[in-house]
Amino acid sequence: QVEFVESGGGLVQPGGSLRLSCAVSGSIFSIYTMGWYRQAPGKQRELVASITNGGRTNYADSVKGRFTISRDNAKDTVYLQMSSLKPEDTAVYLCNGVIQIGINIGDYWGQGTQVTVSS
């Protein structure tokens with residue numbers, strides 16, 4: 001029904017940058033809030049950033065000023081530009097979308113992309 005294609009993860013040195021992309025496709029009527037979460041080993045999943053279909057953004061305090069979320073509604077794609085990366089940003093980053101299919105609205109997840117910040 002819904003497919004997520006995430007890309008852009010990898011290994012980067014501290015202070016470096018990465019750009020994550022998440023393209024959503026399927027029998028979609030509408031996509032509302034989209035976001036990026038992350039989960040590090042042994043830790044709970046946490047919200048990194050989210051963006052509404054109107055462009056309103058929300059960030060975790062730990063990434064404010066370093067990460068920027070954006071979206072292209074025409075392409076059903078959300079991006080996460082990450083700068084000044086720190087080792088503590090290392091995690092699996094998961095794309096999330098609140099998506100309407102027909103009359104049903106649900107919470108959908110991508111499979112995740114690994115981000116490793118290490119020298």
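This is a predicted model: local features need pLDDT of at least 70, side-chain atom pairs count only at pLDDT 80 or more; totals for chains, interfaces and linings use all residues.

**A guided reading of the model**

Visitor: Where is Ser84 placed, and what is its phi?

Guide: Ser84 sits in the loop between E8 and E9. Its phi is positive although Ser84 is a residue other than glycine, and the value is near 50 degrees.

Visitor: Which loop holds Asp76, and what is the phi of this residue?

Guide: Asp76 belongs to the loop between E7 and E8. With 26% relative accessibility, Asp76 counts as partly exposed. Asp76 is not a glycine, yet its phi is positive, at about 50 degrees.

Visitor: Is Gly10 buried or exposed, or does it fall in between?

Guide: Gly10 is part of strand E2, which covers residues 10–12. Beyond four places in sequence, Gly10 touches Leu18, Gln114, Val115 and Thr116. Its relative accessibility is 24%, and buried would require under 20%. Gly10 therefore counts as partly exposed.

Visitor: Which residues does Leu11 contact, apart from those within four places in sequence?

Guide: Leu11 is also found in strand E2. Its relative accessible area is 65%, so Leu11 is exposed, the limit for that class being over 50%. With neighbours within four places set aside, the contacts of Leu11 are Thr116 and Ser118.

Visitor: How far apart in space are Leu11 and Phe29?

Guide: The two residues are separated by 18 residues in sequence. From C-alpha to C-alpha, the distance between Leu11 and Phe29 is 36 Å.

Visitor: Which residues are in contact with Val98, leaving aside neighbours within four places in sequence?

Guide: Val98 lies in strand E9 and is partly exposed, at 27% relative accessible area. Leu85 is 13 residues from Val98 in sequence, but 27 Å away in space by C-alpha positions. The residues that Val98 contacts are Ser30, Ile31, Tyr32, Thr33, Ile105, Gly106 and Asp107.

Visitor: What is the radius of gyration of the protein chain?

Guide: The chain has zero helices and eleven strands. For its 119 residues the globule rule gives 14 Å, and the chain comes close to that value, so it is as compact as a globular protein of that length. The C-alpha atoms fill a box of roughly 45 × 25 × 25 Å along the principal axes. The radius of gyration is 14 Å.

Visitor: How far apart are the centres of the positive and negative side chains?

Guide: The chain carries 10 positive and 9 negative side chains. The centres of these two sets are separated by 5 Å.

Notes
Residues are numbered from 1 along each chain as its sequence is written. Side-chain values use heavy atoms; hydrogens and water are left out. Helices (H or I, at least four residues) and strands (E, at least two) are DSSP runs, numbered from the N terminus. The radius of gyration is taken over C-alpha atoms; the globule rule is 2.2 Å times the number of residues to the power 0.38. Lys and Arg count as positive and Asp and Glu as negative; His and the chain ends are not counted. The place of a charge is taken as NZ of Lys, CZ of Arg, CG of Asp or CD of Glu. Buried means under 20% relative accessible area, exposed over 50%, partly exposed in between (1.4 Å probe, protein chains only). Contact means heavy atoms within 4.5 Å.
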